[in-house]
Amino acid sequence: MEQAKSDQELFDRLTQHDYGQAGTADFHVSRWESQQNNEMRNLWRLKLWELEELGIRYRVVYAFEPLTRTIAVLGIARRREFNYEDDAFTQRVIECYDRHFSRT
């Protein structure tokens with residue numbers, strides 16, 4: 001994320017759904033579709049292929065604010081402990097998003 005601040009192409013990839021699928025880049029980006037489609041929250045998730053190959057499966061969850069072109073990491077969770085629909089991590093991310101970002 002730090003590198004993306006100074007690399008416009010990399011920054012743009014962080015909001016390109018399915019970028020890096022099947023290992024075609026160093027990381028894979030996906031919309032958090034239920035939050036974007038149903039709840040109007042601009043939430044995304046990132047996974048790093050290098051870590052996945054080592055069996056280290058984490059998800060970086062972040063918000064994107066298009067008006068200010070800001071990305072904010074809201075949490076990092078182990079994949080097997082992260083339920084996209086409803087768990088403590090999901091609730092914390094949603095509460096943080098609702099406090100700091102507009103849903104319009």
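Predicted model: local features only at pLDDT ≥ 70, side-chain atom pairs only at ≥ 80, totals over all residues.

Buried share: I looked it up, and 40% of the 104 residues are buried.

Fold: I find five helices and four strands. Read from the N terminus, their order is α-α-β-α-β-α-β-β-α. The radius of gyration is 13 Å, close to the 13 Å the globule rule gives for 104 residues, so the chain is as compact as a globular protein of that length. The C-alpha atoms fill a box of roughly 35 × 30 × 20 Å along the principal axes.

Charges: I have 15 positive and 18 negative side chains, and the centres of the two sets lie 2 Å apart.

Rings: my search of the whole structure turned up seven aromatic pairs. In one of them, Phe11 and Phe64 have ring centres 6.1 Å apart and planes at 65 degrees, so I log the pair as edge-to-face. Phe11 sits in helix H2 (residues 8-13) and Phe64 in strand E3 (residues 58-65), so this pair ties together parts 53 residues apart in sequence. Both Phe11 and Phe64 are buried.

Another edge-to-face pair is Phe82 with Phe89, at 4.9 Å centre to centre and 75 degrees between the planes. Phe82 is buried at 3% relative accessibility, and Phe89 is buried at 12%.

Last entry: which residues do ring pairs link into a cluster? I have Trp32, Phe82, Tyr84 and Phe89 down for that.

Notes
Residues numbered from 1 in each chain as written. Heavy atoms only, no water. Helix = DSSP H or I, 4+ residues; strand = E, 2+ residues; numbered from the N terminus. Rg over C-alpha atoms; globule rule 2.2 N^0.38 Å. Buried < 20%, exposed > 50% of the residue type's maximum accessible area, 1.4 Å probe, protein only. Lys, Arg positive; Asp, Glu negative; His and termini not counted. Charge placed at Lys NZ, Arg CZ, Asp CG, Glu CD. Phe/Tyr/Trp six-rings, centres within 6.5 Å; stacked < 30°, edge-to-face > 60°.
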